[in-house]
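Please look over the model below before reading the points that follow.

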Amino acid sequence: MVLAKAAWPTIAIFLLHSSLAVSAASLPPAPGRQMSNGSAILEPASGALLGIFYGAGSVDETSKKLGRTLPVHLTYYAWDADWNGSVTKADLAAGRIPLVNWEPHHIDFHKIVDGSLDATITARANGAKALGKRFFLDFAAEMNGDEAWGGNNPTLYVAAYRHIHDIFTAAGATNVVWAWCPNVTDTDGSNRTTMDYYPGDSYVDWTGVDGYNWGTKNGGWQSFQQVFRNIYPLLAAKKKPIIIGEMSSAEAGGDKGKWIDEIIPTLQTSFPLIKCVIWFDINKEADWRISSSHDSEASFLRMAKDPFFNP
């Protein structure tokens, strides 16, 4: 995105441990397909997975509105927070795939690389292994953008990512599926340095991207295709499945319902390697919510029920 979202840890942890931290027994069942397709990296055999950040309503509330529980649940955690806890366990018990976004706010990446923070990394690796089921881990997303993890230093970022990955591998946490999600543009609005942050084929299971249609802000209205058209060829060149780790459209500035209606046709014709899409459902810098309008909600409901997103 052109304009970075505000820092997340406070609101993220609050949400995770309040309205979202419901018991697995109280939730409607998810499709539970993360193991049935035989993919060791959760790639669906056809179509794509659909997921959400529950910022505008609980899992129960949103599932009732949509008529289904979406198969992927995006959550956010600060560096010191244990993301192997109740929310992740509830997701796995209910058949959902957790997408853990691990955010290293105020962490010196040199200390990751030199081993000073290995105790925390090892604890997360051991906890991940103990979960016993596959889930997505997205470490330091949007590293090329205004989040500026590691100071927008690609060499340092790659070294830190690889160090963390190596510790997980040594711990036997092979159930972790590694997603790498840069911002849709670098800090200068281009993609000149985006792939400099790529940790390497043996360290990444899914390439990815976070991107938004900002509506009346940051250059004006963009279609779904326009948001992702420049970065897609760079990601597709790696020949791995691609996850959109965060996305949404503003309400102001165009027809959001039409924007949503164009997602599936665009994935099918222009972006065939995109196999998972995560909606950022909250009213924040813009009204990113599914239900920002009647037309937006109606379009999202149609999309969520389409066979393409029910592989």
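Is arginine 96 buried or exposed?

1. Arginine 96 is buried, at a relative accessible area of 1%; buried means under 20% relative accessible area, exposed over 50%, and partly exposed in between, with a 1.4 Å probe and protein chains only. This is a predicted model, in which local features need pLDDT of at least 70, side-chain atom pairs count only at pLDDT 80 or more, and totals for chains, interfaces and linings use all residues. Residues are numbered from 1 along each chain as its sequence is written, and side-chain values use heavy atoms, with hydrogens and water left out.

2. Arginine 96 forms a salt bridge with aspartate 91, with 2.7 Å between the closest N and O atoms. The term requires a side-chain nitrogen of Lys or Arg within 4 Å of a carboxyl oxygen of Asp or Glu. Aspartate 91 also counts as buried, at 2% relative accessibility. The structure holds six salt bridges.

3. Another salt bridge joins arginine 192 to aspartate 188, the closest N and O atoms being 3.8 Å apart. Here arginine 192 is exposed at 65%, and aspartate 188 is partly exposed at 46%.

4. Helix H6 covers residues 154-171; helices are DSSP runs of H or I with at least four residues, strands are runs of E with at least two, and both are numbered from the N terminus. Its buried residues include Leu156, Ile164 and Phe168. The buried residues of H6 pack against elements including strand E3 (97-103) and helix H5 (118-131), where contact means heavy atoms within 4.5 Å.

5. After H6 comes glycine 172, which has a positive phi near 80°.

Key: Expected span 1.5 Å × (residues − 1).
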